[in-house]
Amino acid sequence: MKTQANQHATDVAVLIGRFQPFHRGHVVLLQRALVSAPTVVLVLGSSFQARNAKNPFTWEERAAMIGATLSAEERARVSFVAVRDYYDDTLWAAAVRKAVAQSAPDAAHVALVGHFKDASSYYLNHFPKWENIVVESERAIDATCVRRVFFEAEDLEVSLSVLDDMVPLAVRQYLKAWALLPHYPALVEEHRRIVAYRTAWKSAPYPPIFTTADAVVVSGGNVLLIRRGGFPGKGQWAVPGGFVDQRERLLHAAIRELAEETKLALLGTTLEGMLVDVKVFDHPDRSQRGRTITHAHFFDLQTENLPPVEASDDASHAAWIPIAELAGMEDQFFEDHFHILDSFLSLSGQTS
């Protein structure tokens, strides 16, 4: 459907989303944005991170997917900006405002187009200086359902035919081609594991809250990392850590997991003396497996020597990685582990 810009007082219409993937509900919002302002800025959230079953597409892939649904005239009026997850609403909102300002520096009047579908739409309240254009939903479509169909059908053609009513034709064609890439089977397996994990806890009287403990260990300008050996996040870099046992203190859990996954040959009492800081990471969306609160323990070995390490237990690889290289590895980290490191090591210069 072709749209024409009207003479609305709005200079720029902003549409924020993950668009994982872009579906017909998003189409309604984008068309409203196009008739509300001469310029539209699409903010692609959850960018610069490793692929997972919840966020399978890179921001570049999402921009291409959305662009394929637009006419030439519409594409000329739409710009895309990528914003990472900060797991901090204040930092994230500031990053969105900055990205929009850079994309449309002369805009005096900005409007935010959105649909309040559930608790996940709370982000729309973080921009009080922007006009709100609220769009009522005419169709109950969400990206979670689209991903479920895309990842769960035994036959891809059957899956794509089911998606006919959920996504634009251009997106269906994009998904068909994308499914030929090596990412697809791995994400299908990860999706299956996540569903099984969540199903196992469905009978609990209350939604469970899991507790984990992580160990950020630095030595001689390096940090000790592992590659995950299993799903979710198989092959991705992570901070050593894991779930806390029933009769275990948090610090002891972090030290135990560190030893199990890296075989770092330091006594627990020695590590306790090297503890510099502890921070809690509790964003509700930080883990696909469910509400998971982690306590990250920062240890500084205060030596230029790098003790030998060896992968074991849940890790497929353990290595000392130069801290100077971490900023360029953001899209290789499991869940929010880059942000955990950023919080202690100031990798991006944007931590609170």
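**Figure 1. Glu157 and its partner Lys176 in the predicted model.** Glu157 is partly exposed, with a relative accessible area of 38%. This is a predicted model. The side chain of Glu157 meets that of Lys176 in a salt bridge, at 3.3 Å from N to O. The pair links distant parts of the chain: Glu157 lies in helix α6, Lys176 lies in helix α7, and 19 residues separate them. Lys176 is likewise partly exposed, its relative accessible area being 43%. Side chains of opposite charge can pair when their charged atoms come close.

**Figure 2. Helix α5 and the helices around its buried residues.** Helix α5 covers residues 143-152. Its buried residues are Ala143, Val146, Arg147, Val149, Phe150 and Phe151. These residues pack against three helices, namely α6 (156-162), α7 (169-178) and α8 (183-200).

Figure 3. Glu189 forms a salt bridge with Arg193, and the closest N and O atoms are 2.6 Å apart. The two residues are separated by about one helical turn, because they stand 4 residues apart in helix α8. Glu189 counts as partly exposed at 21% relative accessibility. Arg193 is also partly exposed, with a relative accessible area of 38%.

Figure 4. The side chains of Arg77 and Glu73 meet in a salt bridge, with 3.2 Å between N and O. Both residues belong to helix α3 (residues 72-77), and their spacing of 4 residues means that about one helical turn separates them. Arg77 is buried, with a relative accessible area of 11%, whereas Glu73 counts as partly exposed at 25% relative accessibility. The cut-off for a buried residue is under 20% relative accessible area, so Arg77 falls in that class.

**Figure 5. The contact between domain 1 and domain 2.** The domain assignment of the protein chain gives domain 1 as residues 12-183 and domain 2 as residues 210-345. Their C-alpha centres lie 32 Å apart. Domain 1 brings 13 residues to the contact and domain 2 brings 12 residues. The size of an interface is often given as the accessible area lost when the parts come together. Here the two domains bury about 970 Å² between them, with 49% of it on carbon and sulfur atoms. On the side of domain 1, Ala50, Lys54 and Tyr87 supply 54% of the area that this domain buries against domain 2, more than any other three residues.

**Figure 6. Polar and charged pairs between the domains.** The interface of domain 1 and domain 2 holds 1 salt bridge. The side chains of Arg84 and Glu330 meet in a salt bridge, at 2.7 Å from N to O. The side of domain 1 that touches domain 2 is made up of 6 nonpolar, 2 polar and 5 charged residues.

**Figure 7. A network of salt bridges.** Asp245, Glu248, Arg256, Glu257 and Glu260 are linked in a network of salt bridges. A search of the whole structure finds 14 salt bridges.

Note on methods. Residues numbered from 1 in each chain as written. Predicted model: local features only at pLDDT ≥ 70, side-chain atom pairs only at ≥ 80, totals over all residues. Heavy atoms only, no water. Domains from an automatic or database assignment. Contact = heavy atoms within 4.5 Å. Buried area = accessible area lost by both parts, 1.4 Å probe. Salt bridge = Lys/Arg side-chain N within 4 Å of Asp/Glu carboxyl O. Nonpolar A, V, L, I, M, F, W, Y, C, P; charged D, E, K, R; others polar. Buried < 20%, exposed > 50% of the residue type's maximum accessible area, 1.4 Å probe, protein only.
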